[in-house]
Amino acid sequence: MSVSFGRPQALSPVHRSGAVLILALGVACSPQPRVNETASSIPTGAGAVADDPSPQNLSAGREVFRFDTFGDEQFWTDTARMHEVVQKSVSPATALSVGLKVDADAIPPDVAAAIKAGKVDLNDPATTVTLLKLNAVVGLKGTVTTVNGKDNLTRLGITCALCHSTVDNAFSKGIGHRKDGWPNRDLNVGAIIALSPAITPAQKAVYNSWGPGKYDPRFNIDGKSTPLVLPPAYGLAHVRNETYTAEGPISYWNAYVAVTQMHGHGNFSDPRLPIDIRQTPDMVGPKLGSLRAYQHSIEAPAPPPGSFDNAASVRGRVVFNQNCITCHVGANNTDNNSGVLHTASETGQGPAYALRTANKAYRTTPLRGLWQHAPYFHDGSAATLEEVVAHYNNIRRLNLSDAQQRDLVQYLKSL
């Protein structure tokens with residue numbers, strides 16, 4: 001997620017780039033050069049650096065993913081003043097209404113029982129401060145000090161989990177057990193950013209226009225707005241380039257987001273954009289290896305039993321292999337592992353976002369957990385898999401019958 005305060009501008013000699021400015025809310029983790037992978041290896045693949053799969057490293061990566069702010073409190077507290085907004089105005093009810101999630105496992109049993117019994121005021125911002133003190137708000141990290149018996153939120157930062165985790169609603173809607181890697185399609189990033197007292201009315205209008213589950217990771221760079229749907233961060237182990245436009249592997253995107261969007265204290269450089277940010281100490285780079293390993297360990301969720309027609313999916317696989325396999329090739333269902341990109345006209349997608357990126361084209365998206373993360377396409381322009389199939393039947397002139405399209409949808413739901 002990213003907020004821009006005024007027109008893009010250089011921050012200081014430390015934050016130099018052709019278009020690096022004061023940025024804000026950084027979306028979930030997934031960034032190219034100067035990030036544990038060499039500049040030469042970044043464009044071609046995630047396989048360039050081997051993961052350390054040890055339990056200790058995966059545990060460290062999970063801690064980074066869930067709880068590490070990379071020092072971004074300096075922005076969210078000192079510049080955006082979001083701690084003031086939360087302390088004064090954001091009740092749990094408000095937080096849940098904009099898609100923030102609460103980790104039920106972080107709530108002590110007595111507090112959980114009190115919430116269930118209606119003895120906790122969910123319309124009081126002080127309750128949100130208490131939840132932050134418990135480290136229970138997914139993706140937010142607060143420092144709470146107690147003065148004369150009153151809790152005060154003094155520092156606030158964000159983590160990767162803000163956009164790339166949700167909960168299972170086991171306790172109540174928006175409160176449950178964490179589901180790392182699942183995109184939070186309820187999260188209204190723009191509406192949250194628009195609460196900052198440090199941005200202009202014109203900027204607020206842009207942020208409020210994005211809607212739930214969408215974010216523009218380049219708005220603070222070029223001042224344009226073509227928001228993307230928040231992507232899943234699971235099923236990435238054998239995918240070479242994690243972004244919609246394939247700038248680089250997962251550590252590239254993690255670094256990009258951590259430094260330019262979350263406003264973490266670290267380094268990111270990509271002369272293609274061009275961006276060159278260097279900060280000391282580097283609180284991002286040393287953590288990218290364990291973060292990558294943990295993200296690669298998150299498997300795509302299997303479709304729930306009964307969520308698709310098995311017989312139809314078998315027929316749909318035949319349709320898929322006859323019509324879709326050219327681009328959705330191999331076990332990972334993407335030709336991008338071979339370095340292939342596609343122009344917007346090839347896929348019938350709008351070119352606006354691609355033209356703002358290094359490669360000016362789109363990758364073939366890997367197909368995993370499709371049942372879970374509607375809407376589809378980079379901009380969310382297809383609300384259902386039925387719309388996806390109809391789109392490509394038209395654009396690619398596949399001439400599929402209605403029955404074949406229905407079968408293909410069932411196959412996609414089975415992935």
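Predicted model: local features only at pLDDT ≥ 70, side-chain atom pairs only at ≥ 80, totals over all residues.

Me: Is serine 307 buried, exposed or partly exposed?
Reply: Buried requires a relative accessible area under 20%, and exposed requires over 50%. The relative accessibility of serine 307 is 28%, so the residue counts as partly exposed.

Me: How far apart in space are serine 307 and lysine 413, C-alpha to C-alpha?
Reply: Along the sequence, 106 residues separate serine 307 from lysine 413. In space, the C-alpha to C-alpha distance between serine 307 and lysine 413 is 7.5 Å.

Me: Is asparagine 394 buried or exposed?
Reply: Asparagine 394 has its place in helix H15 (residues 385–395). The cut-off for exposed is a relative accessible area over 50%. Asparagine 394 has 56%, and therefore it is exposed.

Me: What separates the C-alpha atoms of asparagine 394 and glycine 348?
Reply: Asparagine 394 and glycine 348 are 46 residues apart along the chain. The separation of their C-alpha atoms is 9.2 Å.

Me: Which element gives the largest share of the lining of the largest cavity?
Reply: The largest cavity holds about 160 Å³ of space. It is lined by 15 residues, and Met82, Val86, Leu100, Leu140 and Ile192 are the closest to its centre. The largest share, three residues, comes from H3.

Me: How many charged residues are in the lining of the largest cavity?
Reply: By class, 14 residues of that lining are nonpolar and one is polar. The number of charged residues in the lining of the largest cavity is none.

Me: Which element gives the most to the lining of the second largest cavity?
Reply: This cavity has a volume of about 130 Å³. Among its 15 lining residues, Pro92, Ala95, Val102, Leu131 and Val137 lie nearest its centre. Helix H4 (92–97) and helix H6 (125–133) are the elements that give two or more residues to the lining. With three residues, the element that gives the most is H4.

Me: How many residues in the lining of the second largest cavity are nonpolar?
Reply: The lining of the second largest cavity includes one polar and one charged residue. The count of nonpolar residues there is 13.

Conventions
Residues numbered from 1 in each chain as written. Heavy atoms only, no water. Buried < 20%, exposed > 50% of the residue type's maximum accessible area, 1.4 Å probe, protein only. Helix = DSSP H or I, 4+ residues; strand = E, 2+ residues; numbered from the N terminus. 1 Å grid on protein atoms, 1.4 Å probe; cavity = no way out; pocket = protein on both sides within 12 Å on 5 of 7 lines; lining within 4 Å. Points joined across faces, edges and corners; volume = space filled by probe spheres on them. Nonpolar A, V, L, I, M, F, W, Y, C, P; charged D, E, K, R; others polar.
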